[in-house]
Amino acid sequence: MKRTVVAVSAAVLLLPLSACGGDAEAGGGSTVTVTVGYQSRTINTVTAGTLLRSLGSFEKQLNALDDGVRYKVSWQDYATGAPITAQMTAGKIDIGSMGDFPLLINAARGKQLDRPTRLVSVTGYNLRGGLNTIVTAPGSELTSLKDLKGKKVSTSVGSAADGTLVRALQRAGIDPADGIEKLNQQPAVGASALAAGSTDALSQFVAWPGLLAYQGKAKALYDGARLNLPTFHGVTAREDFAERRPAVLEAFLKAQAEATDYLNEHPVDAAEKVAKATGLPAEVVYLYNGAHGIATFDPAIKPRLVAALKQDVSVLKSAELTGDVDVDSFVDDRYVKKALGAAAYRDRLASKPAPAASEAWPEGASKTLTFTSPSALLRHVARHRDALRAAYVPDTTTGTLWFADRAVWVADGDTLLPFVAPDTARAYIAGHAGARIVSYADALERAS
């Protein structure tokens, strides 16, 4: 008889403890429910969540296991990593995906509650920190981090975006504890607060900054890539589950690798699939997950990302969110190495992000157009204004991709240069005599 894996969605609190990664008698055989916690709208986790689920890759891999077990997959969707950690330490989620700071809290809580977890793979990463952005309202007079002193700033405490906020404020000479009024809010609540004027700025992770900018509800104040510190999201698994069901975890990681390859080979189609599943605009998904997007997807646990994770511990300790975290014992790449094969894993470890490039997404097209320079993209936009879904340009300094019509443009002689945030543009101007900020309309006119 052919086995079939069933994907189910149910409120995680209704699941009995034994249902997760556990066996239950079903006729003459056994049934195992594998519960996966993911964040559908945190779109640089899609290869371990939204895209993976839409492709059915995990269920296919489980069907291929010849172990006499019938598997069911329960997908549980959350807005942040914190509730996933809570359910993992309660034994109700087997595998979860979240950002680097939540991963450390996941490790700390797991050890504290004697439910140890392990980081088993990476989803999306940015080596400079561009996945997190601080934004303000469109009409705000704030133009730099220094302007945040004494202001209200919304973020999700303990998230990667909070880590970016803390570090950015420190570099600007502002005490992150006393120099601002920090509002601990879920991303959607913070976005509403920004729109209502009850907060002055919002520091959040993908995809909120890009979404709000695309909708005209926010403008970038600070590009997280200016920190030049890697940020990433990854997959964590309960240690007891991994030891009891190693083949299931390896099946998940094989499926993640398949979803990663699909995203890299079909970035526009992947963006459309994620958009359909989440309700996010595909143009925003592509900003982060596209061919030259802000996020790079690779399941390999690169040493540079582990080193960054170790640096993150001090930020969480200073906020009294964790004590010491033994990162080396938390990281466990044995399962992903076995799932991918030693040679393929070595190749992935050595891989690098795609080079920065300008892109245009024509209406009705299944592929984007790539340009050699932002000026070349602007010339194309000027000729095809009504035939484009979106146009993207990389920040001149950091390489962070941004919407061309939301970028800060600088004219340096005949050269047109885009920046995500005004302070980055001003830093460039300070070192280039004669350079000046111009409007997007002026940039288009100059390019054409």
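Thr398 counts as buried because its relative accessibility is 10%, where buried means under 20% relative accessible area, calculated with a 1.4 Å probe on protein chains only. In this predicted model, local features need pLDDT of at least 70 and side-chain atom pairs count only at pLDDT 80 or more, whereas totals for chains, interfaces and linings use all residues. Residues are numbered from 1 along each chain as its sequence is written, and side-chain values use heavy atoms, with hydrogens and water left out.

Thr398 is placed in the loop between strand S16 (388-394) and strand S17 (401-403). Residues up to four places away in sequence aside, Thr398 touches Arg128, Asp223, Ala225 and Arg226, contact meaning heavy atoms within 4.5 Å. With the side chain of Asp223, the side chain of Thr398 makes a polar contact at 2.6 Å.

Helix H4 (residues 100-112) packs against helix H12 (residues 303-318) at an angle of about 75°, the axes being 10 Å apart. H4 is therefore roughly perpendicular to H12, a description applied to angles of 65 to 115 degrees. In this contact, Asp100, Phe101, Leu104 and Ile105 of H4 meet Leu309, Asp312, Val313, Val315 and Leu316 of H12.

Methods. Axes fitted to C-alpha atoms, helices over the stretch in contact; angles between N-to-C directions. Helix = DSSP H or I, 4+ residues; strand = E, 2+ residues; numbered from the N terminus. Parallel < 35°, antiparallel > 145°, perpendicular 65-115°, else oblique. Buried < 20%, exposed > 50% of the residue type's maximum accessible area, 1.4 Å probe, protein only. Polar contact = N/O pair within 3.5 Å; in protein donor to acceptor, adjacent residues only side chain to side chain.
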